[in-house]
Amino acid sequence: MKTSSMASLWKSLVVVLLFSGYIAAAADGNGTQETQRRPIHHVGRFGFGFLFPWNPQPSPMPQFPGVGFGGEAPPENGGDESGAQTNFLGSWKIHSENAGVSAMHIQLMPNNNKAVWYDSTGNGLSEIESNPPVCRKRVGGRDSDPPQDCTAHAIEYDIDTAQIRTLNVGSSPWCSSGGLSKNGDLISTGGDKDGYKAMRILKPCGNCDFQENPRALFSNRWYATNHALPDGSFIVVGGRGSYNYEIVPPDTLEFTAKLTELDFLGETEDDGGRENNLFPFVNLLPDGNLFVFANYKSIVLNPYTGETVRQLPDLPGGSRNYPPSGMSALLPINLAAVEDGGEENSVVVEVLVCGGNTRESYRLSDLLRPRTFLPAFNDCGRLRLSGGAAADEWEKEDMPSPRVMGDMLLLPTGDVLMLNGARAGTSAWNAAAEPNLTPVLYSPDKEKGNRFRELTPSEIPRMYHSVSAVLPDGDILVAGSNTNAFYMLKEHGDRFTFPTELRVEKFSPPYLAPELEKYRLEIAEGRSDKKLSYGGEFSVAIEFGNGLIKKDEVKVTMYSPPFTTHGYSMNQRLLILKVREVDILGRITVVAPPSGNFAPPGYYLLFVVHGGVPSRGMWVHIQ
């Protein structure tokens with residue numbers, strides 16, 4: 001018998017057995033199905049359902065797409081208009097009381113359950129000894145501190161257990177840039193002092209440490225931005241006094257650097273020490289060009305020729321980049337909306353920029369005395385970059401509260417989370433006031449006027465040099481905050497407005513409400529494809545819970561975990577993938593992104609979102 005015929009026979013047999021169990025369950029007329037039905041094992045390691053008469057405990061009834069075998073479907077018109085409904089506004093918990101190193105830069109690493117973060121080697125001692133011991137002459141800090149610095153300035157943090165492994169970073173990565181390479185290595189570029197032109201590589205292995213080349217880059221890269229390109233190389237854009245960019249290969253420290261001038265960066269720098277164009281916002285577009293935003297202006301750039309392809313409209317109001325430090329992210333790219341045979345370049349791509357402050361705000365907050373902290377902006381600008389007619393102006397909308405130095409993260413559901421930062425002032429040491437403790441959820445698919453929702457506030461100020469990261473289980477890791485020139489803590493008798501923050505928090509967004517757990521699916525990783533090819537179909541197997549599964553309630557998203565520092569998450573993108581089928585055996589057939597223009601090669605977290613509730617993410621690799 002042919003394989004296809006055998007498969008059809010098995011499917012028919014499974015359905016007959018399921019209906020037998022269903023009818024037996026309904027025979028008593030009480031409508032329960034839980035205690036009277038014939039036990040049926042849910043889809044497991046064999047890939048299809050079996051009837052087990054000898055099973056002493058009733059198993060949950062499997063739920064198949066479009067078939068009402070009991071359970072509970074996510075209610076219509078819920079929290080995200082298409083998902084399950086909850087009044088839960090999120091919750092906070094302390095994950096570690098002292099991580100030893102205050103997180104200025106953070107990167108979630110693939111497959112090893114770790115996050116890496118670091119600060120500076122040139123601002124005194126941290127609060128954790130390096131292990132094994134590595135000592136250097138102390139730079140910065142208190143006069144009373146030891147002359148030798150034997151503390152660590154980088155750690156690998158277990159996101160579940162909070163265990164710490166110290167890392168040795170040689171040159172100073174203060175205010176540097178970075179991202180994950182196509183092989184899953186952390187690439188760190190630039191910094192200050194001896195790190196201006198440094199490039200570092202950290203592989204995700206149990207005993208790996210940073211490898212460095214202190215002279216790898218052509219130009220100084222202090223306050224620069226990284227972004228992966230379609231071939232897996234990195235572009236490093238800007239930095240203090242660097243009106244140019246360079247493209248560096250992944251996974252090697254030895255290469256010939258090549259510089260390309262970018263006059264746009266000089267044109268967007270404000271004089272008098274204000275700058276206002278550092279850490280430019282950079283995003284890869286479906287045509288392979290880059291969106292580059294600095295201060296209040298933006299362009300579309302061909303990274304290979306240096307040509308400005310398109311001038312974009314100014315975002316009115318003031319400055320959005322460091323040091324007024326607004327937030328920005330490319331909104332989720334919905335590949336599911338592309339019809340079969342349609343043009344991928346027709347996909348709507350939009351960028352969101354929120355917060356910041358006036359073009360004079362940094363001069364007032366840091367360069368003049370007494371300091372004056374101007375109220376931060378509470379507005380957002382949203383601009384269509386591709387897919388249909390280009391927008392000739394930004395769509396403006398106000399957040400519930402002003403924010404500067406905040407983080408903007410894309411959630412597995414396609415919503416946007418804004419958190420951390422302050423309500424007044426700018427970036428720089430002690431240059432801001434009024435912590436903004438309240439996260440905000442932004443739902444881009446809702447109607448204007450209904451997109452923002454305030455969530456449960458934290459009790460810990462996260463000011464300058466704070467970070468956050470989306471974790472595989474959907475929690476948000478929040479760490480850092482150091483507005484001081486060195487670590488200032490109460491136990492050292494230091495005087496400060498805000499202490500150096502060493503506590504680590506986790507924030508659970510509304511989709512992790514306890515009452516929504518019944519809608520949360522589980523990816524069966526052992527039966528799912530983890531290596532993807534551009535444009536190809538792949539399979540994701542799910543374990544069934546108690547909810548009814550329908551194709552139109554399932555969304556598969558693919559998230560690029562960013563490198564986050566100074567309120568900007570570099571390389572961050574979320575793709576909503578096309579779902580071909582959700583079959584009765586618990587397999588979801590999904591179409592991978594069509595090219596590296598949509599998803600540069602490398603590691604991503606893949607989520608199955610059921611009625612607005614994401615599964616735990618599974619690491620996948622695409623090339």
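Q: Which residues touch the most other members in the largest nonpolar core?
A: In soluble globular proteins, nonpolar side chains tend to be buried together. A nonpolar core is a set of buried Ala, Val, Leu, Ile, Met, Phe, Trp, Tyr and Cys residues joined through side-chain atoms within 4.5 Å; buried means under 20% relative accessible area, exposed over 50%, and partly exposed in between, with a 1.4 Å probe and protein chains only. Here the largest nonpolar core has 74 residues, and F210, L577, I588, L606 and V608 touch the most other members. Strand β40 (residues 573-582) gives the most to this core, with four residues. Apart from this core lies another, of 53 residues, among them L108, M327, C380 and Y487.

Q: What kind of model is this, and how are residues numbered?
A: This is a predicted model, in which local features need pLDDT of at least 70 and side-chain atom pairs count only at pLDDT 80 or more, while totals for chains, interfaces and linings use all residues. Residues are numbered from 1 along each chain as its sequence is written, and side-chain values use heavy atoms, with hydrogens and water left out.

Q: Which residues does L606 touch?
A: Contact means heavy atoms within 4.5 Å. Not counting residues up to four places away in sequence, L606 touches I523, F538, V540, V556, T557, M558, L577, R616, G617, M618 and V620. For the protein chain, among contacts between residues at least 6 apart in sequence, 63% join residues at least 24 apart.

Q: How many helices and strands does the protein chain have?
A: Helices (H or I, at least four residues) and strands (E, at least two) are DSSP runs, numbered from the N terminus. The protein chain has three helices and 44 strands. Of its 623 residues, 60% count as buried.

Q: In what order do the six strands of the open sheet stand?
A: Strands of a sheet pair through backbone hydrogen bonds, either parallel or antiparallel. Two strands are said to pair if DSSP finds at least two bridges between them. In this sheet the order is β7-β6-β3-β2-β38-β39, with antiparallel pairing. Its edge strands, β7 (164-167) and β39 (568-570), each pair on one side only.

Q: Which residue stands opposite I106 in β3?
A: Strand β2 (residues 105-108) and strand β3 (residues 114-118) run antiparallel and are joined by four bridges. Within this pair, W117 stands opposite I106.

Q: How many residues lie between β6 and β7 in their hairpin?
A: There are five residues between these two strands, and A162 in the turn has a positive phi of about 70°. Four bridges join β6 (residues 154-158) to β7, and the two run antiparallel. A154 has L167 in β7 as its bridge partner.

Q: Why is one side of β1 and of β31 left without a neighbour in the sheet?
A: These strands belong to an open sheet of four, in the order β1-β33-β32-β31, with antiparallel pairing. β1 (91-96) and β31 (466-470) stand at the edges with a single partner strand each, so one side of each has no neighbour in the sheet. β31 pairs with strand β32 (residues 476-480) in the antiparallel sense over five bridges. Between these two, L477 in β32 is the bridge partner of A469.

Q: Is S539 buried or exposed?
A: S539 is buried, with a relative accessible area of 17%. This residue lies in strand β36 (residues 537-543). Not counting residues up to four places away in sequence, S539 touches S528, D529, R587 and I588.
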